[in-house]
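The structure comes up just below.

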Amino acid sequence: MSVADNLHKITSEIPSHVTLVAVTKTYPSSIIKEAYDYGYKIYGENRVQELTEKYEQLPRDVEWHLIGHLQTNKVKFIIHCVSLIHSVDSLKLLSEINRSAQALNRRVNCLLQIHVAQEETKFGLSFAEAEDIIKQQDSFEHVSIKGLMGMATLTKNKEQIQKEFHSLYHFFETLKGGFPGFTILSMGMSSDYKIAIDEGSTMIRVGSAIFGSRN
Ligand SMILES: *Cc1c(COP(=O)(O)O)cnc(C)c1O
């Protein structure tokens, strides 16, 4: 199956309220171009340098999302080329994004990354930390917190994945009541996006199911 076939299959299977972010990390721009020529324009990268390089190599109407951990001192390198940052995991980072966005006189859309998996290595905020940041969002005029992102534990145990996605969905729904701007729940990757959609995801981040397995 070609990249275009895979994209066609996934985009025609998912419900219309779910946005697919095609995750291009490690794949060369020539392969991304196949997806672009098919008509796809929403891509996710997890590293700052790869994102800025591909931003330069691909047409300007591509919408780039940063989905991986972002260090405060690297915000300035990506601020002009991202349309959504999925991985805000501290107040310090949000504040730096705000400062950088202000310098460009723009407003940057962000998601708060929540830790719901069992692995200790995954970045992310607790529910309480996220609530604390959301309470202070009015002091950041150049960022819009649009919702939440999370990753489930890497496991074959479907019930555990369901449980983790469900807890994130539940938290998202609770917050949405107080913040009408909350519209995006980013959860689900190649191995678990179907479960994530069943559990209320509105945005999936899929790489290998489109572009083939990574080394
Ligand atoms: C790599 C990555 C994905 C996509 O992973 P696949 O298994 O290739 O679909 C999704 N989200 C994040 C944060 C990633 O780093």
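## An aromatic cluster

Tyr-40, Tyr-43 and Trp-64 come together as one aromatic cluster. This is a predicted model, in which local features need pLDDT of at least 70 and side-chain atom pairs count only at pLDDT 80 or more, while totals for chains, interfaces and linings use all residues. Residues are numbered from 1 along each chain as its sequence is written, and side-chain values use heavy atoms, with hydrogens and water left out.

## How the rings pair

Searching the whole structure turns up 6 aromatic pairs. Rings of Phe, Tyr and Trp (its six-membered ring) pair if their centres lie within 6.5 Å; planes under 30 degrees apart are stacked, over 60 edge-to-face, and the rest tilted. Tyr-40 and Tyr-43 make an edge-to-face pair, with 6.3 Å centre to centre and 80° between the planes.

Tyr-43 also pairs with Trp-64: the centres are 5.7 Å apart and the planes lie at 45°, so this pair is tilted. It links distant parts of the chain, with Tyr-43 in strand 2 (residues 42–45) and Trp-64 in strand 3 (residues 63–66), 21 residues apart. Strands here are DSSP runs (E, at least two residues), numbered from the N terminus.

## Burial of the cluster

Buried means under 20% relative accessible area, with a 1.4 Å probe and protein chains only. Tyr-40 counts as buried at 13%, Tyr-43 at 0% and Trp-64 at 1%.

Key: Buried < 20%, exposed > 50% of the residue type's maximum accessible area, 1.4 Å probe, protein only. Helix = DSSP H or I, 4+ residues; strand = E, 2+ residues; numbered from the N terminus.
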